[in-house]
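Please read the following report alongside the sequence and the coordinates.

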Amino acid sequence: MDEIHSKSVFVYGQVKRALRSGRYAPGQRIDPARVAAEFNTSPTPVRFALYRLVGEALIVDHARDGLHIPLLTEVAMRDLYDWMERLLLMACDIGTASAAQKTEPLELAPADEDLVKLTWQLFDAIARATAHKSLHHAVKQANDRLAPIRRAAQGLLEHRFEELLELNRHWQARDMPALKAALRDYHERRKQLVPCIVALLSERSEQLH
């Protein structure tokens with residue numbers, strides 16, 4: 001049983017990283033047998049790992065149609081963006097705990113192409129600095145759910161690097177009023193694009209079938 005548990009934890013971590021990296025697209029089906037073959041393990045730990053991800057809303061169970069990466073409706077996507085915004089604004093209101101005053105600066109260089117990963121890291125740092133574990137956990141979950149959506153939306157947004165640079169500058173200066181205003185603008189731009197993002201993801205999902 002310990003071996004099954006350890007393998008399940010390993011598969012869980014690997015699939016979660018794959019979801020963040022964009023390896024799986026929204027609407028794509030995940031075949032447990034293929035996952036088991038990829039990691040050279042039996043189906044049991046893979047099922048445990050995948051259903052743990054179902055519990056985190058990173059995968060959805062469509063019963064007979066199997067397991068899929070969520071393909072959100074406009075209402076659900078707008079709600080998720082709004083939830084992330086509220087969590088981050090709450091983190092700004094709480095402020096940084098004394099133990100988190102000295103944090104490693106987030107390095108942003110024009111050569112960096114993975115702005116989705118950097119966005120995840122920045123938002124995670126803002127939440128983690130509060131030292132409120134429940135808030136940090138909620139931000140991590142929302143961050144993970146938004147990662148594939150952020151990747152899909154990249155082509156629809158201009159000045160993404162400059163936008164993230166501004167957020168990071170306010171965060172490093174601990175200028176919470178400016179950071180809150182920038183976070184509101186960041187999420188408002190994305191909420192306005194929700195119909196376009198959903199249409200794009202739906203079109204890509206149809207191409208997968």
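What does the accessible surface of the protein chain come to, and what percentage of it belongs to carbon and sulfur atoms? The accessible surface is about 11,400 Å², and 52% of it belongs to carbon and sulfur atoms; such areas come from the Shrake-Rupley method with a 1.4 Å probe, and for residues only the protein chains shown count as cover.

This is a predicted model, in which local features need pLDDT of at least 70 and side-chain atom pairs count only at pLDDT 80 or more, while totals for chains, interfaces and linings use all residues. Residues are numbered from 1 along each chain as its sequence is written, and side-chain values use heavy atoms, with hydrogens and water left out.

**The chain as a whole**

The secondary structure of the protein chain comes to nine helices and three strands, where helices (H or I, at least four residues) and strands (E, at least two) are DSSP runs numbered from the N terminus. Along the sequence these elements follow the pattern α-β-α-α-β-β-α-α-α-α-α-α. Along the principal axes, the C-alpha trace spans about 50 × 40 × 30 Å.

Of the 209 residues, 46% count as buried, a term that stands for under 20% relative accessible area, whereas exposed stands for over 50% and partly exposed for values in between (1.4 Å probe, protein chains only). Among contacts with a separation of 6 or more, 76% come from residues 24 or more positions apart, a contact being heavy atoms within 4.5 Å. The protein chain carries 29 positive and 28 negative side chains, and the centres of the two sets lie 4 Å apart. In this count Lys and Arg are positive and Asp and Glu negative, with His and the chain ends not counted, and the place of a charge is taken as NZ of Lys, CZ of Arg, CG of Asp or CD of Glu.

The buried residues of α1 are S8, V11, Y12, G13, V15, K16, A18 and L19, and what covers them includes α2 (32-38), α3 (43-55) and α6 (133-153). After α1 comes G22, with a positive phi near 90°. H5, which also lies in α1, counts as exposed at 53% relative accessibility, and its C-alpha atom is separated by 20 Å from that of D31, 26 residues apart along the chain.

Helix α7 (residues 160-172) has 13 residues and reaches 18 Å from its first C-alpha to its last, close to the 18 Å expected. Buried in α7 are F161, E163, L164, L167, N168, H170 and W171, and their cover includes α5 (115-128) and α8 (176-192). L118, found in helix α5, is buried with a relative accessible area of 9%, and the C-alpha atoms of L118 and N168 are separated by 9.9 Å although these residues are 50 residues apart along the chain.

Most residues other than glycine have a negative phi. The table lists residues of the opposite kind.

| Residue | Phi |
|---|---|
| A131 | near 65° |
| H159 | near 55° |
| R174 | near 55° |

A131 has its place in the loop between α5 and α6 and counts as exposed at 55% relative accessibility. H159 lies in the loop between α6 and α7 and is exposed, with a relative accessible area of 56%. R174 follows α7.

H136, in helix α6, counts as buried at 17% relative accessibility; leaving aside neighbours within four places in sequence, H136 is in contact with D124, A127 and R128. S202, found in helix α9 (residues 194-208), is partly exposed, with a relative accessible area of 25%. S202 and T73 are 129 residues apart in sequence and 9.5 Å apart in space, C-alpha to C-alpha.

Notes: The expected span of a helix is 1.5 Å times one less than its number of residues.
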